[in-house]
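Colleague: I have a model open and would like to learn how to read its packing. Please take me through it feature by feature.

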Amino acid sequence: MRNIIIPSPLQITMDDLGWFNGTDGRQSMEPARTGITRRHVAEDYEVVNEIGRRLGMRINCAFVMAEWDPDNRLKTIPALSPHGINWNNSLHFDKKEAARCVDVINSAEYIDFAVHGLHHTYYVHGGQYNNTDYYYTENNRVIAAPESEIRMRLDAYFDLIEYHGFKKTINSFIPPTFTYQPNHLTKILKDYGILYASTTFKNIGHEDFSGGVVVDNGIPIVDRNNNLIPWNVMEAGLDDLPTVSGIFGCHWANVCHKDPKENLSLVDSWVNYFERCKNTYGIILSRDIAFCSTQMLYKKYSKLSFDSGKCIIDTSDVPTAEGLGTSFYVSTDKPLSEWTGCDVKIYERIGDFINYEVTPRSTVLTLA
């Protein structure tokens, strides 16, 4: 009997790009940054792009922008740092290296620039440290920062993007420390062109955030269900990791070598791992966060049934959202020979199965 499934996408998201200083500063009431013992340089962006290029995937990269402040303009942002108006970024910002980084990022087709945080911190009550930009903790309760402050941070974030001449389209979001409250940030982020988001659902603890994906205020949010590498481990090897699907969450330090000129020596390990996952029936390698979001929604909400050797896929419950793709993907162990209610073409042949691209023309599709 034919086996037809909607496979789970596998998408890399990578946190905390954008720092110049790698030092974990939490003991000094500073951000954790990337936790490495050297400064970040342009070569640290090149390795991310090369992994994406080899896989054909735009890696969803969460950027932090505070250390791109060229003239201490961020000193007026409330709760940004324990220094208040005495904020001084001159120790971190390197104008020459920043220009090198901008050139690499702008030419890096496989770096998908996502909003993360301005400084990955929120300071309240005389300097109490919170490791996220949009919320703080009080008596073990997560409290949202005032909307005016959230917008002030986002305005400053995009101001720095424009100042430095980044040419990337920015339409996705990853909350720092995966701190998110339902029906909150998405209402604000829509005003900044955000179409996609991802975070760890188990941190939210809300019954609606389950099944791998939700749509919140018109923005699909995908569960970051795999965080298999410690955030500050450099030169991470992936050979011993299990195959997974969904969001593969990692951090910038993981792809960095102690000597940045040796970064590219790490690429093969990453590519080999994701190729291994790709060769597993039930997993399809994502092209970008839009691909991942679309495929996850079809997988969660489509209803599959089988009758007389035919697979009927009812997509009537699949939510719509701006920015989603017009196609999804199915896997089968035997070639398809007929279909109704859709257009179908071979996407890729892998071992003993085939992935097909399916473009619906109605809400009920038949494949055989």
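Modeller: Start with a helix pair. Helix α1 (residues 43–55) and helix α2 (residues 95–107) pack with their axes 9 Å apart, at an angle of about 10°. Helices (H or I, at least four residues) and strands (E, at least two) are DSSP runs, numbered from the N terminus. Axes are lines fitted to C-alpha atoms, for helices over the stretch in contact, and angles run from 0 to 180 degrees between N-to-C directions.

Colleague: Before we go on, what kind of model is this?

Modeller: A predicted one: local features need pLDDT of at least 70, side-chain atom pairs count only at pLDDT 80 or more, and totals for chains, interfaces and linings use all residues. Residues are numbered from 1 along each chain as its sequence is written, and side-chain values use heavy atoms, with hydrogens and water left out.

Colleague: How are α1 and α2 oriented to each other, roughly parallel or roughly antiparallel?

Modeller: Angles under 35 degrees count as roughly parallel, over 145 as roughly antiparallel, 65 to 115 as roughly perpendicular and the rest as oblique. α1 and α2 are therefore roughly parallel.

Colleague: Which residues of α1 and α2 meet?

Modeller: Contact means heavy atoms within 4.5 Å. From α1 come E43, Y45 and E46; from α2 come R100, C101, V104 and I105.

Colleague: Now the cores. Which residues touch the most other members of the largest nonpolar core?

Modeller: A nonpolar core is a set of buried Ala, Val, Leu, Ile, Met, Phe, Trp, Tyr and Cys residues joined through side-chain atoms within 4.5 Å. Buried means under 20% relative accessible area, exposed over 50%, partly exposed in between (1.4 Å probe, protein chains only). The largest core has 84 residues, and Y45, V48, F248, W270 and F274 touch the most other members. Take F274: residues up to four places away in sequence aside, F274 touches L10, I12, L55, L238, F248 and L285. A second, separate core has 28 residues, L195, Y196, I354 and Y356 among them.

Colleague: On to sheets. What is the strand order in the sheet that holds β20?

Modeller: Strands of a sheet pair through backbone hydrogen bonds, either parallel or antiparallel. Two strands pair if DSSP finds at least two bridges between them. Here the order is β1-β18-β21-β20, an open sheet of four strands with antiparallel pairing. β1 (4–5) and β20 (342–350) are the edge strands, each pairing on one side only. β20 and β21 (residues 353–360) are joined by eight bridges, and K345 stands opposite E357 in β21. Helix α7 (residues 289–301) packs on this sheet and touches β18 (328–332), β20 and β21.

Colleague: Which residues of β17 are on its covered face, and which on its uncovered one?

Modeller: In β17 (residues 310–314), C311 and I313 make the covered face; K310, I312 and D314 make the uncovered one. β17 pairs antiparallel with β16 (residues 303–307) over five bridges. It pairs antiparallel with β22 (residues 364–367) over four. In the hairpin of β16 and β17, S308 takes a positive phi near 55°.

Colleague: Last, a single residue. Is N60 buried or exposed?

Modeller: N60, in strand β3 (residues 59–64), is buried, with a relative accessible area of 1%. Beyond its neighbours within four places in sequence, N60 has contacts including Q11, D112, S172 and I289.
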